[in-house]
Amino acid sequence: MKAMVPEATSRFPLLKTKLGPLELETPLIAASGTFGYGSEFENLTDLDCFGAVTLKAVSIEPRTGNPYPRIVETPSGMLNCIGLENPGIDVFLNEILPESIKLGVPLIANLVGDRIEDYVSLARVLDEQDSLVALEINGSCPNVDHGFMSFAADPVILGELVSGVRAATSKPVISKLSPNVTDIIPLARSAVNAGSDILNLGNTFLGMSISTDTWKSRLSRDYAGLSGRAIRPLALRIVHQVASSVDIPIIGTGGIYETADAVEFLIAGATGLGAGTVNFIQPNRVREICDGINDYLAERNLAIQDLIGAYRGPAEGEM
Ligand SMILES: Cc1cc2nc3c(=O)[nH]c(=O)nc-3n(C[C@H](O)[C@H](O)[C@H](O)COP(=O)(O)O)c2cc1C
């Protein structure tokens with residue numbers, strides 16, 4: 001059955017999206033770490049194409065991140081090992097957030113810590129910030145030391161992390177999962193059972209790049225996070241797998257560069273669409289994607305809900 005097509009009351013009338021408890025103007029969400037604190041992109045694109053902007057990760061103490069080089073381009077994406085550089089929660093609250101608020105776009109904070117208590121403390125403080133529409137738990141960055149990966153790889157620890165944050169805030173909680181696991185389903189279920197409202201699938205894939213001159217890594221670490229076009233089919237498969245196993249909304253993130261990419265993620269079961277590396281390549285591309293999805297829906301007389309999870313299965317002898 002077709003969903004109702006909403007009335008044309010906004011710039012992208014067909015793109016209004018209910019992402020769990022969040023009502024967004026469009027499903028496109030700037031992915032954390034690829035859009036700074038929003039202000040950096042203010043003069044480069046129209047921010048009203050973003051349903052929300054996820055701010056760069058924030059931790060309790062400032063982090064300097066990893067040494068340079070921290071970014072290398074790949075044939076269809078990029079490897080990064082930034083290492084969650086950020087000025088810490090005090091500067092975030094006093095200097096950064098006030099500027100981001102002026103952008104007038106819904107903001108999501110991205111929380112990072114070494115221990116569960118760090119995330120819980122951050123969630124308590126950020127819960128008081130009316131400007132934040134949701135808190136995203138980054139339990140999945142591949143580019144740091146200290147057993148951080150255990151949040152991403154162990155369903156029990158992930159469950160404890162999400163429960164802790166859930167108890168510390170009344171805001172919607174987004175759990176951003178790592179794709180660097182053998183089976184993501186137990187992790188997704190654990191995040192849901194612990195009270196997550198939304199899943200973000202997901203973060204970068206671990207990769208590597210070696211200089212053939214020096215025989216060393218091209219980066220300051222052995223491994224780094226691969227993002228961009230190269231990971232789209234992988235992220236799409238994960239979204240489809242998880243959407244079939246949980247009943248909370250999913251933000252599909254990984255290599256969205258074109259309208260068709262976005263539509264694919266919706267059909268696979270995503271409700272929200274994370275846009276990351278594309279912002280570095282063409283800062284106004286998300287606007288084009290919004291126009292493109294709008295046209296795709298209008299031409300077919302569809303509402304966006306008609307696409308979500310509408311995947312019809314394997315091709316059958318079609319050429
Ligand atoms: C330079 C860079 C920095 C990132 N920093 C963060 C971060 O601070 N927190 C986070 O949860 N994800 C971070 N990510 C991951 C992105 O939010 C996103 O999940 C990933 O890049 C996949 O999406 P994409 O292919 O559209 O870029 C970062 C990615 C890049 C490329």
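Me: First up, is Cys290 buried or exposed?

Reply: Cys290 is buried, at a relative accessible area of 0%. Buried means under 20% here, exposed is over 50%, and partly exposed is in between (1.4 Å probe, protein chains only). Bear in mind that this is a predicted model, where local features need pLDDT of at least 70, side-chain atom pairs count only at pLDDT 80 or more, and totals for chains, interfaces and linings use all residues. Numbering runs from 1 along each chain as its sequence is written, and side-chain values use heavy atoms, with hydrogens and water left out.

Me: Which cysteine sulfur is closest to the one in Cys290?

Reply: That's the sulfur of Cys49, at 5.0 Å, which is too far for a bond. A disulfide needs a pair of cysteine sulfur atoms within 2.5 Å.

Me: And how many disulfides turn up in the whole structure?

Reply: The search finds 0.

Me: What about Cys81, buried or exposed?

Reply: Cys81 is buried, with a relative accessible area of 0%.

Me: What does S8 pair with, then?

Reply: S7 (residues 107–111) pairs with S8 in the parallel sense over 5 bridges, and Leu107 sits opposite Leu132. S8 also runs parallel to S9 (residues 173–177), joined by 4 bridges; there, Asn138 has Lys176 as its bridge partner. Pairing takes at least two DSSP bridges between the strands.

Me: Which helix goes with S7 and S8 in the β-α-β unit?

Reply: H2 (residues 116–127), and the unit is right-handed. That means that, with the strands pointing away from the viewer, the path from the first strand over the helix to the second runs clockwise.

Me: Which residues of H5 are buried?

Reply: In H5 (residues 185–193), they are Ile185, Leu187, Ala188, Ser190, Ala191 and Val192. Just after H5, Gly195 has a positive phi of about 110 degrees.

Me: Last one: where is Leu206?

Reply: Leu206 is in strand S11 (residues 205–207) and is partly exposed, with a relative accessible area of 41%. Leu206 and Asp90 are 116 residues apart in sequence and 31 Å apart in space, C-alpha to C-alpha.

Terms used:
Helices (H or I, at least four residues) and strands (E, at least two) are DSSP runs, numbered from the N terminus.
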